[in-house]
Amino acid sequence: MKKLNQTTLLCMLAMLISATGYSQVTQTEMTFQPDACRGIDTRVQTVNGSPAYANTNYGSTDQLVSAAWTFSGQVGYLRSLIDFADLQYIPQGTTVSYAYLSLYGVPSSSAISLGSYGANACYVQRITSPWAENTVTWNTQPSTTTTNQVTLPGSGSVQWNYHVIDLNITALLQDIINLPPAQRYGFCIRLQTESYYRSMLFASSDNADATRRPKLRIGLNYCSSATARTFTPQGDVPASDIPDVAGKVQNANSPLVRTSLQSGTMKVDYELNNEGKTVLQIVTVNGAILQTINVDGSKGKHTTTIPLDSEVLKNRMAILVVKQGNGVTSHPFIISQ
């Protein structure tokens, strides 16, 4: 099924962060919408009188179904399981400023002929035990907890293409990030009332339509109260820059950085407003410099490829810093190992 290539570097960047230095980069937004290669989701199913279904794995399904229905007159139940693999690379205890889950409906289904139907409000719950997408069944489904569970609104009269956009799961995700990475197991979606006829259908990460795959958008703050420095009066302080409406300053550069990660390298597209010595640095979230590269500092657009050494690859997360004169741009990224 879907195996993670542990040597592949995946760029999970969703927001360009500007700061006066990398030590001040503590807030970032990331968006996860994995495809069939990296997505981890499935449904589990049981039908009374037909034990084979409870032992069947549906890891390659292109639809997530949570339902209570009848099949040839026999009552059956379905639940959905979702995990986002790259959540394991976020340091334990990182503050989750916000977390929004988006799920997208389907136009038709062979699993439930009436689509999303009935009084079908669901719960999104945290999974508390291990499971594997390509082996889990109804009989081996993981345990869940109701702590900080979130209500997923019912579809009402909408049977097909019912989308739930930006469902707030902040507290639920914070519970996950507070755990060691090995104990982060994702979410279960189940009906609030498992009584037929009720169903809720969404596309899975295996769906051919990339825009319908489950999406998670999160804001992270890496500066906790324990690590935050206490202000102390300082001596001479340089005059601060005043940006214009475009976000540029008169006496400094505002490089734009876009990264595309491939195995062992990072491709960086950057633009400089002025001439001058320019340095790219790869820095840990704690501020330690891992790698420094001198690059073309002429005004204009540039592209460079950085080979990532072993010290960088040991990290699960890092920050790319572009420095020229007083201009500094910082760009967090995740390294999948």
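Colleague: How do the residues lining the largest cavity divide into nonpolar, polar and charged?
Modeller: Bear in mind that this is a predicted model, where local features need pLDDT of at least 70 and side-chain atom pairs pLDDT 80 or more, while totals for chains, interfaces and linings use all residues. Numbering runs from 1 along each chain as its sequence is written, and side-chain values use heavy atoms, without hydrogens or water. Ala, Val, Leu, Ile, Met, Phe, Trp, Tyr, Cys and Pro count as nonpolar, Asp, Glu, Lys and Arg as charged, and the others, Gly among them, as polar. On that scheme the lining comes out as 5 nonpolar, 2 polar and 2 charged.

Colleague: Which elements give two or more residues to that lining?
Modeller: A cavity is a set of points on a 1 Å grid over the protein atoms alone where a 1.4 Å probe fits but cannot get out, and lining residues have an atom within 4 Å of a point. The lining includes Ile40, Asp41, Ile82 and Asp83. Helices (H or I, at least four residues) and strands (E, at least two) are DSSP runs, numbered from the N terminus. The elements giving two or more residues are β3 (40-47) and β5 (74-83).

Colleague: Why is helix α2 described as largely enclosed?
Modeller: Buried means under 20% relative accessible area with a 1.4 Å probe, protein chains only. In α2, Leu172, Leu173, Ile176 and Ile177 are among the buried residues, and the buried ones pack against strands including β6 (95-103) and β8 (144-152), with contact meaning heavy atoms within 4.5 Å. The helix is largely enclosed by the rest of the structure because the buried count is 7 of the 8 residues.

Colleague: How far apart are the C-alpha atoms of Ile127 and Phe187?
Modeller: Ile127 is in strand β7 and is buried, at 1% relative accessible area. Leaving out residues up to four places away in sequence, Ile127 touches Leu81, Tyr185 and Phe187, among others. Though 60 residues apart along the chain, the C-alpha atoms of Ile127 and Phe187 are separated by 5.3 Å.

Colleague: Which ring does Arg43 lie over?
Modeller: A charge sits over a ring if NZ of Lys or CZ of Arg is within 6 Å of the ring centre and within 35 degrees of the ring normal. Arg43 is 4.5 Å from the ring centre. The ring belongs to Tyr58.

Terms used: On a 1 Å grid over the protein atoms alone, a cavity is a set of points where a 1.4 Å probe fits but cannot get out, and a pocket is an open set with protein on both sides within 12 Å along at least five of seven lines; lining residues have an atom within 4 Å of a point. Buried means under 20% relative accessible area, exposed over 50%, partly exposed in between (1.4 Å probe, protein chains only).
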